[in-house]
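Please look at the structure first, and then read the notes grouped by topic.

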Amino acid sequence: MQVDLIETFLDLMETRSFNRTAERLNITQSTVSHRVKALETQFSRKLFTRNKGGTLPTAAGLRFLDYAKALQNQWHEATRAVASAGALERSMRLGIQHDLAETIAGRWVAAIRRDLPTTEIYMEADYSNQMNRDLAAGELDLAILYTPHFLPDLHYERIGELHYVLVTTDAPEMAEVKPETYIRSSYSPAFDRAHRLALPHLSGASLAAGQNMAVTDLLRTLGGAAYVTQATADRLSDRVAVVADAPVIPQTVYAATSLRTRHAHQHRKIIGAMEGLLVGL
């Protein structure tokens, strides 16, 4: 597999410029032309046309795009698998939303290792936007996230909910929560919409953060009120109180994989382990 031809084709589809692709790949423009011509020779079809308006893909080039992305992803997966080959039979690169990682990452990995003892696991915590991009590029095999992008090559499924509750250091009732001491949590677009509908008078607070861990530290340092996970509220019960008459804001959790692997045995085991943990939150 000549992966350099595929990567050059995909970059040219983005830049629509032989010069720009040469700069980004640190090769000469003639090398870009040679690689494109090599692909066109294999297909006996023109993939790009060049004129005064720039470089445009042909119908054949557009048809090849999805296949080229899949080939690049398979190459990355194969490279990782071979490079890390040892006593373990498989490897999985997993992404998990920050707030979920803080709450249940250890239990999730423990469950995966019980079910898949011969699988090597790499896990990183991140935000949904980056995990969607990493999945599309083949850098992750599976992700647990808040915000799906519904990209053409990816499969999303709803697997549960995480609940955020309003806690306070000094205002036990909703009527006593003041915008000037409120820390607005911004965990996802869906959370933001629900928050605006439920608490419009607090949506303009001057301080905001997008990670449960950061919000928790701000509460410890500054005091006030903020939405945190139920697990965090339980852990900080000696310092904060749950505002009893405040709405609980649910956050839907999704599992994301490539379309090609959505039914794979190891993927189903890993998703099932997370589903089981979410039931108890």
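Gln97, His98, Asp99, Tyr127, Tyr146, Tyr187 and Gly210 line the largest cavity, a cavity being a set of points on a 1 Å grid over the protein atoms alone where a 1.4 Å probe fits but cannot get out, with lining residues having an atom within 4 Å of a point. The model is predicted, so to speak of local features requires pLDDT of at least 70 and side-chain atom pairs count only at pLDDT 80 or more, while totals for chains, interfaces and linings use all residues. Residues are numbered from 1 along each chain as its sequence is written, and side-chain values use heavy atoms, with hydrogens and water left out.

**Cavity**
- A search of the whole structure finds one cavity of 30 Å³ or more, and the largest cavity holds about 30 Å³ of space, where a volume is the space filled by probe spheres set on grid points joined across faces, edges and corners.
- Its lining divides into three nonpolar, three polar and one charged residue (Ala, Val, Leu, Ile, Met, Phe, Trp, Tyr, Cys and Pro count as nonpolar, Asp, Glu, Lys and Arg as charged, and the others, Gly among them, as polar).

- The protein is divided into domain 1 (2-82), domain 2 (88-160 + 252-279) and domain 3 (162-251), with bounds that come from an automatic or database domain assignment.
- The second largest pocket has about 370 Å³ of space, a pocket being an open set with protein on both sides within 12 Å along at least five of seven lines.
- Of the 16 residues lining this pocket, Leu10, Glu14, Lys69, Gln72 and Ala136 are the closest to its centre.
- Helix 1 (3-15) and helix 4 (59-83) are the elements that give two or more residues to this lining, and helix 1 supplies the largest share, five residues; helices are DSSP runs (H or I, at least four residues) numbered from the N terminus.
- Domain 1 and domain 2 each contribute at least three residues to the lining of the second largest pocket.

**Helix 3**
- Helix 3 (residues 29-43) has 15 residues and reaches 21 Å from its first C-alpha to its last, close to the 21 Å expected at 1.5 Å a residue, the expected span being 1.5 Å times one less than the number of residues.
- Its buried residues are Val32, Arg35, Val36, Leu39 and Glu40 (buried means under 20% relative accessible area and exposed over 50%, with a 1.4 Å probe and protein chains only).
- Seen down the axis of helix 3, these buried residues fall within an arc of 135 degrees, so they line one face of the helix; the arc is that of the directions from the axis to the C-beta atoms.
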